[in-house]
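Keep the 3D view open while you read.

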Amino acid sequence: MFGGIADIFFPDNLPVMDKSACLNRRNRFEPCALCETVCTFGALSISAGLVSIDAGKCTCCGLCSTVCPSEALKLKDYRIFRSIAGNNKLRCMKSGGIICLKSLSPSFAAAVLVISPAIKLVMPCENCALSEKFLFDNLNIAMKFLDALGVSHDVEIISDENFEEGLSRRELLSSFFTWGKNKGSNIIEDVIWHNQSGVFLARNFLADSLKNESGHVEAGVFYDFSVSEGCNVCGFCEALCPSGAWNISKNDGKATLTFDTLKCSGCMMCVKKCPENAIIFREKFAWPVESSVKFEASMIRCRHCGKWFVQSKPEIELCAQCSK
């Protein structure tokens, strides 16, 4: 029943492409081709900086969405929750599941563990042809994140050939309907609530689910940055950020730079491209996360054009444009 409802709401699991977030459009001088490189089926191709998807070749394994730095590529991968029925197991696509388990991003892996703390991951082989160690790296990041918050979890990885169902037909049906009544409705509610443009937002789901937890976490599921006094609030980070995590507001002679951790995908473009090298990556930060003020500065009017700007030095009375 739950699978049927999921099919009605979400009929396919092909990657969804947000062209405005693709790094090829955000930073054409340093083209990104990670999605094209990781796809072993030749379903992704890049031409003139634009990514195209061949639906006929795509197997919906999800590896492209995992390696995409800006999360421009996403799967409607919340459909995997209907695989966690009855005995809390999640099958790899080669074992009859929906996606490649090694394509679980750290945030999505953490979301799965929050919903099903004791879970069995059923995989067909140890050395999957689709990838090498995505699952283990991302799963470790997710578990370290939950450990820091004191959230319990129990993950067991089972090779397909050694897996035994262990349930009779009657027991399987009984456990399924029990799960459907107690758990399925909650998951559908969470999915719809965190659904925008047909994509499950794992970080938003985690933030809501763990809003009463606190601790110091390492970057990997969420990211955070600090801003040094060298910032002149030029707006480059705001314009460059593919997820809109940076925001600048200017009023009453003051410029304020804020950062929203929930939106950040960790692509690091802001750190790499800041003209003043003022943005600093924080490897460890406090949970819970929220939109926070990273920098504030007073502004003066340019003596020539009258435009408001932040002084880099007290003696400078012209904005950058007029100075040139």
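What follows covers a helix, one of its residues, and some ring pairs in a predicted model.

## Helix α6

Let's start with α6, which runs over residues 134-148. With 15 residues at 1.5 Å each, α6 should span 21 Å, and the C-alpha atoms at its ends do sit 21 Å apart, so expectation and model agree.

Which residues of α6 are buried? They are L135, N138, L139, A142, M143, F145 and L146. Looking down the axis of α6, these buried residues fall within an arc of 155°, which means they line one face of the helix. After α6 comes G150, and its phi is positive, near 75°.

## A closer look at N140

N140 is also part of helix α6. Is N140 buried or partly exposed? Its relative accessibility is 41%, so N140 counts as partly exposed.

A110 and N140 are 30 residues apart along the chain, and their C-alpha atoms are separated by 9.6 Å.

## F145 and F222

Now for the rings. Searching the whole structure turns up eight aromatic pairs. One of them joins F145 and F222: the pair is tilted, with 5.6 Å centre to centre and 40° between the planes. This pair links distant parts of the chain, as F145 belongs to helix α6 while F222 is in the loop between β10 (215-218) and β11 (224-227), 77 residues apart.

Both partners are tucked away from solvent by the numbers. F145 has a relative accessibility of 3%, so it counts as buried. F222 is buried too, with a relative accessible area of 1%.

Another pair to click on is W246 with F259. This one is tilted as well, at 4.7 Å centre to centre and 45° between the planes. W246 lies in strand β12 (residues 246-251) and F259 in strand β13 (residues 254-259), so the pair ties together parts that are 13 residues apart in sequence.

How buried are these two? W246 has a relative accessible area of 3%, which makes it buried. F259 comes in at 0% relative accessibility, so F259 counts as buried as well. Which aromatic residues form one cluster with W246 and F259? Y223, F225 and F281 do, together with that pair.

Conventions. Residues are numbered from 1 along each chain as its sequence is written. This is a predicted model: local features need pLDDT of at least 70, side-chain atom pairs count only at pLDDT 80 or more; totals for chains, interfaces and linings use all residues. Side-chain values use heavy atoms; hydrogens and water are left out. Helices (H or I, at least four residues) and strands (E, at least two) are DSSP runs, numbered from the N terminus. The expected span of a helix is 1.5 Å times one less than its number of residues. Buried means under 20% relative accessible area, exposed over 50%, partly exposed in between (1.4 Å probe, protein chains only). The arc is that of the directions from the helix axis to the C-beta atoms. Rings of Phe, Tyr and Trp (its six-membered ring) pair if their centres lie within 6.5 Å; planes under 30 degrees apart count as stacked, over 60 as edge-to-face and the rest as tilted.
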